[in-house]
Amino acid sequence: MALPGKSLTDSWRHWRRGRARLPVSLSSTDVEDANRRFLLFGMLPLWVVPAVADWWMHRRTRIEHTAGTKESVVHALMMTEAGVPVAMGLLARINPLVLSVMGGAAAAHSATALYDVTLATEKREVRPIEQHIHSFLEVLPLAGLAFIGCLHADQVRATLRGGPGRDDWKLLPKERPLSAPYLLGLGVVIGAGVALPYAEELRRCVRATRAS
């Protein structure tokens, strides 16, 4: 719920003030600690590896002169479908609303990925290695959702029951937010490894389209 005497907007405005940080032990072998550690320091940062590899395959096959801007825009859409639930998971309290958005985004990402491959294979060569890279990118949102579900089994149960709680369908800040250095570091990694390469790709495609 929102902090006593504060509106939902105020809760977000002061979402880090006076709140204990979420501890992420680097040595604990507790199952919950290990799952959270792998999710935050393994899966999320390493997501950029197949993303950069996929960008490089697009560059090698000269996407700007084949599928062009249309496919690049689809890539931007898929990044949005993955990025919105990731941001919510990092900043917001996990509840039925957030889990529903994550599930819907994962389903949308899978459908968009299928369309992306269909579009690409009609316009350019999609090599086996690129298809293998796609398999990682397609499964990561589902794997992330599975980890979140395991860490918040009570909220999964509440979601399956229709979210009967008063705050189940409110977008609320985490009670124990992640540390600012972690969020900043992850933002830099995602910006450098995902946002910049694909912005460069879209710019290249737009320029090629205008020049043709």
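Q: Which residues count as nonpolar, which as charged and which as polar?
A: Ala, Val, Leu, Ile, Met, Phe, Trp, Tyr, Cys and Pro count as nonpolar, Asp, Glu, Lys and Arg as charged, and the others, Gly among them, as polar. The model here is predicted, so to speak of a local feature takes a pLDDT of at least 70 and a side-chain atom pair counts only at 80 or more, while totals for chains, interfaces and linings use all residues. Residues are numbered from 1 along each chain as its sequence is written, and side-chain values use heavy atoms, with hydrogens and water left out.

Q: What volume does the largest pocket have?
A: Rolling a probe the size of a water molecule over the atoms shows where empty space is left. A pocket is an open set of points on a 1 Å grid over the protein atoms alone, where a 1.4 Å probe fits, with protein on both sides within 12 Å along at least five of seven lines; lining residues have an atom within 4 Å of a point. Its volume is the space filled by probe spheres set on the points, which are joined across faces, edges and corners. The largest pocket comes to about 720 Å³.

Q: Which residues lie nearest the centre of the largest pocket, and how does its lining divide?
A: Of the 35 lining residues, Gly-89, Ile-94, Ile-148, His-152 and Lys-174 lie nearest the centre. Two or more lining residues come from each of helix 2 (31–46), helix 4 (68–91), helix 5 (96–123), helix 6 (128–151) and helix 7 (153–160). Helices here are DSSP runs (H or I, at least four residues), numbered from the N terminus. Helix 4 gives the most, with six residues. The lining of the largest pocket holds 19 nonpolar, six polar and 10 charged residues.

Q: What lines the second largest pocket?
A: The second largest pocket has a volume of about 580 Å³ and is lined by 27 residues, with Trp-47, Met-79, Ala-82, Gly-83 and Val-194 nearest its centre. At least two lining residues come from each of helix 3 (48–60), helix 4, helix 5, helix 6 and helix 8 (180–211). Helix 4 has the largest share of this lining, eight residues. By type, the lining of the second largest pocket has 19 nonpolar, five polar and three charged residues.

Q: How many residues does the largest nonpolar core have?
A: A nonpolar core is a set of buried Ala, Val, Leu, Ile, Met, Phe, Trp, Tyr and Cys residues joined through side-chain atoms within 4.5 Å. Buried means under 20% relative accessible area, exposed over 50%, and partly exposed in between (1.4 Å probe, protein chains only). The largest core has 29 residues, and Leu-44, Trp-47, Leu-90 and Tyr-182 have the most contacts inside it. Helix 6 supplies the largest share of this core, five residues. Beyond its neighbours within four places in sequence, Tyr-182 is in contact (heavy atoms within 4.5 Å) with Leu-40, Phe-41, Leu-44 and Leu-90.

Q: How many aromatic pairs are there?
A: Rings of Phe, Tyr and Trp (its six-membered ring) pair if their centres lie within 6.5 Å; planes under 30 degrees apart are stacked, over 60 edge-to-face, and the rest tilted. The count is three aromatic pairs. One of them, Phe-38 with Phe-147, is tilted, at 5.4 Å centre to centre and 35° between the planes. Phe-38 lies in helix 2 and Phe-147 in helix 6, so this pair ties together parts that are 109 residues apart in sequence. The ring centres of Trp-55 and Trp-56 are 6.2 Å apart and their planes stand at 50°, so that pair is tilted.

Q: Is Trp-55 buried or exposed?
A: Trp-55 is buried, because its relative accessible area is 16%. Trp-56, at 45%, counts as partly exposed.
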